[in-house]
Amino acid sequence: MAGLRRDTFRDDLDDCGPIPLDALIWIKNRIDPTLTFRRSCREGVCGSCAMTIDATNWTACTWAIADRAKPATIFLLANLPAIKELVPDQTHLLAQYEMIEPWLNPGRAIAEIKKKMIERQG
Ligand code: FES
């Protein structure tokens, strides 16, 4: 694919934290400040650090480097176009979220409960 490249980095695992996200931050801070990736919660909740790690889609903050084979391979999530390096274009994904609304909407939930109560009272 045009414009994509593959880089190899060697982390000092004694100097960085225990998760792949730490290794990426270490690389960004020590070797390549242009390395680009997303992260937010660092708790495995937001999904913003999702990447293809060792041929499996993972969040880079939810498993230990020590539990994986070395060297690890980290790529952009498959099936999503790249904006830059490890940052995929999530436009389509976010549009799908808008359609299914995978979040709590207390106002709507209360309105639905009231409607059902009224229906049951007949
Ligand atoms: S930073 Fe949120 S899931 Fe990894």
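The legends below describe views of a predicted model.

Residues are numbered from 1 along each chain as its sequence is written. In this predicted model, local features need pLDDT of at least 70, side-chain atom pairs count only at pLDDT 80 or more, and totals for chains, interfaces and linings use all residues.

**View 1. The whole chain.** The chain has three helices and five strands, arranged along the sequence as α-β-β-β-β-β-α-α. Helices (H or I, at least four residues) and strands (E, at least two) are DSSP runs, numbered from the N terminus. The C-alpha atoms fill a box of roughly 70 × 35 × 25 Å along the principal axes.

View 2. Strands β1 (residues 50-53) and β2 (residues 56-59) pair in the antiparallel sense over four bridges; pairing requires at least two bridges found by DSSP. Ile-53 has Thr-56 in β2 as its bridge partner. Two residues lie between the strands, and Asp-54 takes a positive phi near 50°.

View 3. The 16 residues of α3 (residues 106-121) should span 22 Å at 1.5 Å a residue, and the end C-alpha atoms are 22 Å apart, which agrees. The expected span is 1.5 Å times one less than the number of residues. None of the 16 residues of α3 is buried (buried: 20 or more other C-beta atoms, placed from the backbone, within 10 Å of its own). Gly-122 follows α3 with a positive phi near 60°.

How values were computed
A residue is buried if 20 or more other C-beta atoms lie within 10 Å of its own, exposed if 12 or fewer, and partly exposed in between; C-beta atoms are placed from the backbone.
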